[in-house]
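Visitor: I would like to learn how to read the packing of helices and strands in a model such as this one. Could we take the features one at a time, with the general idea before the case?

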Amino acid sequence: MAQSNYIFSQTQFQSELTRLQRLEKVYDSISQQQIIATGITTGWQCLEIGAGAGSVMRWMSEIVGAAGQVTAIDLDTRFIKNTQLANVETIEADIHQIKLDKLFDLIHVRHVLIHQADTSLLTRIWKLLKPGGWLVIEESDFSSTKFVAGTPAQQQAIAKVNQAICQMFANQGNDYAIGIKLPSLLQKVGFQNLQIINDVPIVAGNSDIAILMNLSTRQLAEKYLATGKVIQADLETYCQCTEDTSAWAIYLATVSEIARKPVL
(Lines give C-alpha, C1' and ligand atoms only; values in the text may rest on other atoms or scores of the structure.)
Protein backbone atom coordinates (compact mmCIF):
# COMPACT_ATOMS: atom_id res chain seq x y z
CA MET A 1 0.00 0.00 0.00
CA ALA A 2 1.29 3.45 -0.87
CA GLN A 3 2.42 5.72 1.91
CA SER A 4 1.54 9.40 2.00
CA ASN A 5 4.37 11.71 3.08
CA TYR A 6 2.58 15.04 3.18
CA ILE A 7 5.23 17.59 4.12
CA PHE A 8 2.76 20.22 5.37
CA SER A 9 1.18 18.06 8.08
CA GLN A 10 1.25 19.45 11.62
CA THR A 11 1.46 23.04 10.41
CA GLN A 12 -0.15 25.98 12.17
CA PHE A 13 -3.75 26.57 11.07
CA GLN A 14 -3.51 30.18 9.92
CA SER A 15 -0.12 29.91 8.20
CA GLU A 16 -1.17 26.80 6.30
CA LEU A 17 -4.53 28.32 5.33
CA THR A 18 -2.68 31.38 4.02
CA ARG A 19 -0.36 29.16 1.96
CA LEU A 20 -3.24 27.12 0.53
CA GLN A 21 -5.20 30.24 -0.38
CA ARG A 22 -2.15 31.61 -2.21
CA LEU A 23 -1.80 28.28 -4.02
CA GLU A 24 -5.44 28.58 -5.06
CA LYS A 25 -4.80 32.09 -6.37
CA VAL A 26 -1.92 30.78 -8.49
CA TYR A 27 -3.54 27.64 -9.88
CA ASP A 28 -7.35 27.85 -9.76
CA SER A 29 -7.80 29.50 -13.15
CA ILE A 30 -5.75 26.76 -14.86
CA SER A 31 -7.53 24.03 -12.89
CA GLN A 32 -10.92 25.41 -13.87
CA GLN A 33 -9.98 25.63 -17.55
CA GLN A 34 -8.81 22.02 -17.51
CA ILE A 35 -11.93 20.80 -15.75
CA ILE A 36 -14.25 22.71 -18.10
CA ALA A 37 -12.47 21.04 -21.03
CA THR A 38 -13.73 17.64 -19.82
CA GLY A 39 -17.33 18.73 -20.43
CA ILE A 40 -18.32 18.76 -16.75
CA THR A 41 -22.02 19.45 -16.42
CA THR A 42 -25.10 19.11 -14.23
CA GLY A 43 -25.47 15.73 -12.58
CA TRP A 44 -21.83 14.66 -12.68
CA GLN A 45 -20.28 12.74 -9.81
CA CYS A 46 -16.90 14.33 -9.04
CA LEU A 47 -14.08 13.40 -6.69
CA GLU A 48 -11.38 15.74 -5.48
CA ILE A 49 -8.35 14.09 -3.91
CA GLY A 50 -6.54 16.59 -1.70
CA ALA A 51 -9.07 19.40 -1.46
CA GLY A 52 -6.84 21.85 0.43
CA ALA A 53 -8.82 24.96 1.31
CA GLY A 54 -11.71 23.84 -0.88
CA SER A 55 -11.94 26.38 -3.70
CA VAL A 56 -12.11 23.86 -6.57
CA MET A 57 -14.45 21.63 -4.59
CA ARG A 58 -16.91 24.50 -4.09
CA TRP A 59 -16.58 25.65 -7.71
CA MET A 60 -17.35 22.16 -9.06
CA SER A 61 -20.35 21.87 -6.76
CA GLU A 62 -21.92 24.89 -8.47
CA ILE A 63 -21.54 23.28 -11.88
CA VAL A 64 -22.85 19.80 -11.05
CA GLY A 65 -25.83 21.22 -9.18
CA ALA A 66 -28.32 19.43 -6.99
CA ALA A 67 -28.41 16.41 -9.32
CA GLY A 68 -24.67 15.87 -8.95
CA GLN A 69 -22.23 15.55 -6.09
CA VAL A 70 -18.65 16.44 -5.22
CA THR A 71 -16.80 14.14 -2.85
CA ALA A 72 -13.68 15.68 -1.31
CA ILE A 73 -11.12 13.42 0.37
CA ASP A 74 -8.14 14.79 2.25
CA LEU A 75 -5.81 13.63 5.00
CA ASP A 76 -6.47 16.99 6.66
CA THR A 77 -9.97 18.43 6.34
CA ARG A 78 -9.60 21.24 8.87
CA PHE A 79 -10.21 23.86 6.16
CA ILE A 80 -13.25 22.22 4.53
CA LYS A 81 -14.97 20.18 7.25
CA ASN A 82 -17.51 22.91 7.99
CA THR A 83 -18.58 23.24 4.35
CA GLN A 84 -22.36 23.50 4.26
CA LEU A 85 -23.22 22.53 0.71
CA ALA A 86 -25.92 19.93 0.15
CA ASN A 87 -24.12 18.36 -2.81
CA VAL A 88 -20.66 18.17 -1.19
CA GLU A 89 -19.35 15.34 0.99
CA THR A 90 -16.05 15.83 2.81
CA ILE A 91 -14.12 12.82 4.07
CA GLU A 92 -10.96 12.85 6.17
CA ALA A 93 -9.09 9.73 5.10
CA ASP A 94 -6.25 8.26 3.09
CA ILE A 95 -7.48 7.68 -0.47
CA HIS A 96 -5.62 4.36 -0.50
CA GLN A 97 -7.46 3.07 2.56
CA ILE A 98 -11.02 4.28 2.26
CA LYS A 99 -13.67 2.24 0.41
CA LEU A 100 -15.90 4.25 -1.88
CA ASP A 101 -19.20 2.78 -3.05
CA LYS A 102 -19.47 4.55 -6.41
CA LEU A 103 -17.56 5.48 -9.54
CA PHE A 104 -16.92 9.02 -10.74
CA ASP A 105 -17.33 11.01 -13.95
CA LEU A 106 -14.40 13.25 -13.03
CA ILE A 107 -11.48 13.12 -10.59
CA HIS A 108 -9.36 16.18 -9.86
CA VAL A 109 -5.93 15.96 -8.20
CA ARG A 110 -3.58 18.88 -7.61
CA HIS A 111 -0.06 18.62 -6.14
CA VAL A 112 -0.80 15.32 -4.39
CA LEU A 113 1.25 12.69 -6.24
CA ILE A 114 4.49 14.42 -5.25
CA HIS A 115 3.67 13.50 -1.64
CA GLN A 116 3.19 9.81 -2.44
CA ALA A 117 5.89 7.18 -1.96
CA ASP A 118 4.95 5.56 -5.28
CA THR A 119 2.59 6.06 -8.21
CA SER A 120 -0.09 3.56 -7.16
CA LEU A 121 -2.46 6.52 -6.72
CA LEU A 122 -2.87 6.56 -10.50
CA THR A 123 -4.06 2.94 -10.49
CA ARG A 124 -6.43 3.75 -7.63
CA ILE A 125 -7.83 6.67 -9.64
CA TRP A 126 -8.27 4.44 -12.69
CA LYS A 127 -10.42 2.03 -10.66
CA LEU A 128 -12.55 4.87 -9.26
CA LEU A 129 -13.41 6.34 -12.68
CA LYS A 130 -16.39 5.31 -14.76
CA PRO A 131 -15.60 4.06 -18.27
CA GLY A 132 -15.23 7.28 -20.24
CA GLY A 133 -14.49 9.19 -17.05
CA TRP A 134 -11.98 12.03 -16.88
CA LEU A 135 -8.90 12.76 -14.79
CA VAL A 136 -7.51 16.27 -14.36
CA ILE A 137 -4.17 16.11 -12.58
CA GLU A 138 -1.61 18.82 -11.84
CA GLU A 139 1.80 18.01 -10.41
CA SER A 140 4.99 19.78 -9.41
CA ASP A 141 8.34 19.68 -11.15
CA PHE A 142 11.20 21.07 -9.07
CA SER A 143 13.81 19.94 -11.59
CA SER A 144 12.98 23.06 -13.64
CA THR A 145 13.82 25.57 -10.91
CA LYS A 146 16.29 28.16 -12.21
CA PHE A 147 17.71 31.52 -11.19
CA VAL A 148 17.18 34.13 -13.92
CA ALA A 149 18.22 37.57 -12.64
CA GLY A 150 19.37 39.14 -9.39
CA THR A 151 22.46 39.16 -7.21
CA PRO A 152 25.10 36.40 -6.94
CA ALA A 153 23.96 35.80 -3.35
CA GLN A 154 20.38 35.32 -4.52
CA GLN A 155 21.53 32.95 -7.24
CA GLN A 156 23.41 30.85 -4.71
CA ALA A 157 20.48 30.83 -2.28
CA ILE A 158 17.99 29.71 -4.92
CA ALA A 159 20.29 26.89 -5.99
CA LYS A 160 20.87 25.72 -2.43
CA VAL A 161 17.23 25.91 -1.37
CA ASN A 162 16.15 23.97 -4.43
CA GLN A 163 18.75 21.32 -3.60
CA ALA A 164 17.23 21.13 -0.12
CA ILE A 165 13.72 20.82 -1.54
CA CYS A 166 14.76 17.99 -3.84
CA GLN A 167 16.70 16.24 -1.06
CA MET A 168 13.75 16.54 1.33
CA PHE A 169 11.45 14.77 -1.12
CA ALA A 170 14.12 12.18 -1.97
CA ASN A 171 14.67 11.41 1.72
CA GLN A 172 10.99 10.54 1.97
CA GLY A 173 11.12 8.34 -1.12
CA ASN A 174 9.18 10.87 -3.18
CA ASP A 175 9.93 12.14 -6.68
CA TYR A 176 10.55 15.90 -6.81
CA ALA A 177 10.21 15.83 -10.62
CA ILE A 178 7.07 13.69 -10.81
CA GLY A 179 5.31 16.28 -12.99
CA ILE A 180 7.43 15.73 -16.10
CA LYS A 181 6.92 11.97 -15.84
CA LEU A 182 3.12 12.13 -15.76
CA PRO A 183 2.48 11.61 -19.48
CA SER A 184 4.30 8.29 -19.60
CA LEU A 185 2.90 7.17 -16.24
CA LEU A 186 -0.70 7.85 -17.29
CA GLN A 187 -0.13 6.13 -20.61
CA LYS A 188 1.15 3.01 -18.84
CA VAL A 189 -1.97 2.87 -16.64
CA GLY A 190 -4.15 2.97 -19.76
CA PHE A 191 -5.37 6.55 -19.96
CA GLN A 192 -6.08 8.07 -23.36
CA ASN A 193 -6.76 11.51 -24.88
CA LEU A 194 -3.80 13.01 -23.01
CA GLN A 195 -3.74 16.80 -23.15
CA ILE A 196 -0.63 18.30 -21.55
CA ILE A 197 0.19 21.81 -20.34
CA ASN A 198 3.74 22.43 -19.10
CA ASP A 199 3.65 25.63 -17.06
CA VAL A 200 7.17 26.96 -16.36
CA PRO A 201 6.58 30.55 -15.23
CA ILE A 202 9.43 33.06 -15.00
CA VAL A 203 8.40 35.42 -12.20
CA ALA A 204 9.73 38.36 -10.22
CA GLY A 205 9.81 38.63 -6.47
CA ASN A 206 6.52 39.54 -4.81
CA SER A 207 4.55 37.68 -7.51
CA ASP A 208 1.99 35.12 -6.40
CA ILE A 209 4.28 32.15 -7.06
CA ALA A 210 7.23 33.82 -5.33
CA ILE A 211 5.04 34.57 -2.32
CA LEU A 212 3.78 30.97 -2.33
CA MET A 213 7.37 29.69 -2.21
CA ASN A 214 8.19 32.18 0.53
CA LEU A 215 5.31 30.85 2.64
CA SER A 216 6.36 27.26 1.98
CA THR A 217 9.96 27.95 2.90
CA ARG A 218 9.04 29.57 6.18
CA GLN A 219 6.86 26.59 7.11
CA LEU A 220 9.39 23.98 6.02
CA ALA A 221 12.59 25.70 7.21
CA GLU A 222 13.46 22.98 9.72
CA LYS A 223 13.00 20.25 7.10
CA TYR A 224 15.18 22.12 4.63
CA LEU A 225 17.90 22.63 7.25
CA ALA A 226 17.75 18.93 8.15
CA THR A 227 18.86 17.98 4.63
CA GLY A 228 22.26 19.59 5.21
CA LYS A 229 22.00 21.42 1.88
CA VAL A 230 21.31 24.86 3.37
CA ILE A 231 22.05 26.99 6.39
CA GLN A 232 19.77 29.61 7.94
CA ALA A 233 21.44 32.43 6.00
CA ASP A 234 20.55 30.70 2.72
CA LEU A 235 16.89 30.55 3.72
CA GLU A 236 16.89 34.22 4.71
CA THR A 237 18.44 35.27 1.39
CA TYR A 238 16.00 33.06 -0.52
CA CYS A 239 13.01 34.65 1.21
CA GLN A 240 14.44 38.12 0.55
CA CYS A 241 14.74 37.14 -3.12
CA THR A 242 11.08 36.11 -3.26
CA GLU A 243 10.20 39.62 -2.06
CA ASP A 244 12.58 41.50 -4.37
CA THR A 245 10.78 42.76 -7.48
CA SER A 246 14.09 43.07 -9.36
CA ALA A 247 14.96 39.39 -8.82
CA TRP A 248 13.64 36.84 -11.31
CA ALA A 249 13.48 33.05 -11.20
CA ILE A 250 11.62 29.90 -12.12
CA TYR A 251 10.61 28.79 -8.63
CA LEU A 252 8.25 25.98 -9.53
CA ALA A 253 7.00 24.32 -12.71
CA THR A 254 3.70 22.48 -12.92
CA VAL A 255 2.58 19.88 -15.45
CA SER A 256 -1.21 19.71 -15.92
CA GLU A 257 -2.95 16.92 -17.79
CA ILE A 258 -6.40 15.96 -18.91
CA ALA A 259 -6.73 12.20 -19.43
CA ARG A 260 -9.63 9.85 -20.12
CA LYS A 261 -10.41 6.29 -19.17
CA PRO A 262 -11.49 4.49 -22.35
CA VAL A 263 -15.15 3.69 -22.85
CA LEU A 264 -15.72 -0.07 -22.70
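Guide: Let us begin with contact, which here means heavy atoms within 4.5 Å. Helices (H or I, at least four residues) and strands (E, at least two) are DSSP runs, numbered from the N terminus. This is a predicted model, in which local features need pLDDT of at least 70 and side-chain atom pairs count only at pLDDT 80 or more, while totals for chains, interfaces and linings use all residues. Residues are numbered from 1 along each chain as its sequence is written, and side-chain values use heavy atoms, with hydrogens and water left out.

Visitor: Which residues of α1 and α2 meet?

Guide: From α1 come Glu24, Asp28, Ser31, Gln32, Ile35 and Ile36, and they meet Ser55, Val56, Trp59 and Met60 in α2. Sorted by class, this contact of α1 with α2 has five nonpolar, three polar and two charged residues, where Ala, Val, Leu, Ile, Met, Phe, Trp, Tyr, Cys and Pro count as nonpolar, Asp, Glu, Lys and Arg as charged, and the others, Gly among them, as polar.

Visitor: How is the geometry of two packed helices described?

Guide: Two packed helices are described by the angle between their axes and by the distance between the axes. The axes are lines fitted to C-alpha atoms, for helices over the stretch in contact, and angles run from 0 to 180 degrees between N-to-C directions. For α1 and helix α2 (residues 55-64), the axes come within 10 Å and cross at roughly 35°. Their crossing is right-handed; a crossing is left-handed if the near helix is turned anticlockwise from the far one by less than a right angle, and right-handed if clockwise.

Visitor: At what angle do α1 and α6 cross?

Guide: The axes of α1 and helix α6 (residues 208-219) cross at roughly 155° and come within 9 Å. That makes α1 roughly antiparallel to α6, since angles under 35 degrees count as roughly parallel, over 145 as roughly antiparallel, 65 to 115 as roughly perpendicular and the rest as oblique. The crossing of α1 and α6 is left-handed.

Visitor: And how do α4 and α8 cross?

Guide: Helix α4 (residues 152-171) and helix α8 (residues 232-243) have axes that come within 8 Å and cross at roughly 110°, which makes α4 roughly perpendicular to α8. This crossing of α4 and α8 is left-handed. The contact includes Ala157 and Val161 of α4 and Leu235 and Tyr238 of α8.

Visitor: Turning to the strands, in what order do the seven strands of the open sheet stand?

Guide: Strands of a sheet pair through backbone hydrogen bonds, either parallel or antiparallel; two strands are taken to pair if DSSP finds at least two bridges between them. Here the seven strands form an open sheet in the order β3-β2-β1-β4-β5-β10-β7, with mixed pairing. Its edge strands, each pairing on one side only, are β3 (88-92) and β7 (192-199). Within this sheet, six bridges join strand β4 (residues 104-110) to strand β5 (residues 129-141), and the two run parallel; Ile107 stands opposite Leu135 in β5.

Visitor: Which strands does helix α1 lie across?

Guide: Helix α1 (residues 13-37) lies across β4, β5, β7 and β10 (253-260), running at about 155° to β4. Helix α5 (residues 178-189) lies across β5, β7 and β10, at about 160° to β5.

Visitor: What is the order of the sheet of three strands?

Guide: The three strands form an open sheet in the order β6-β9-β8, and the pairing is antiparallel.
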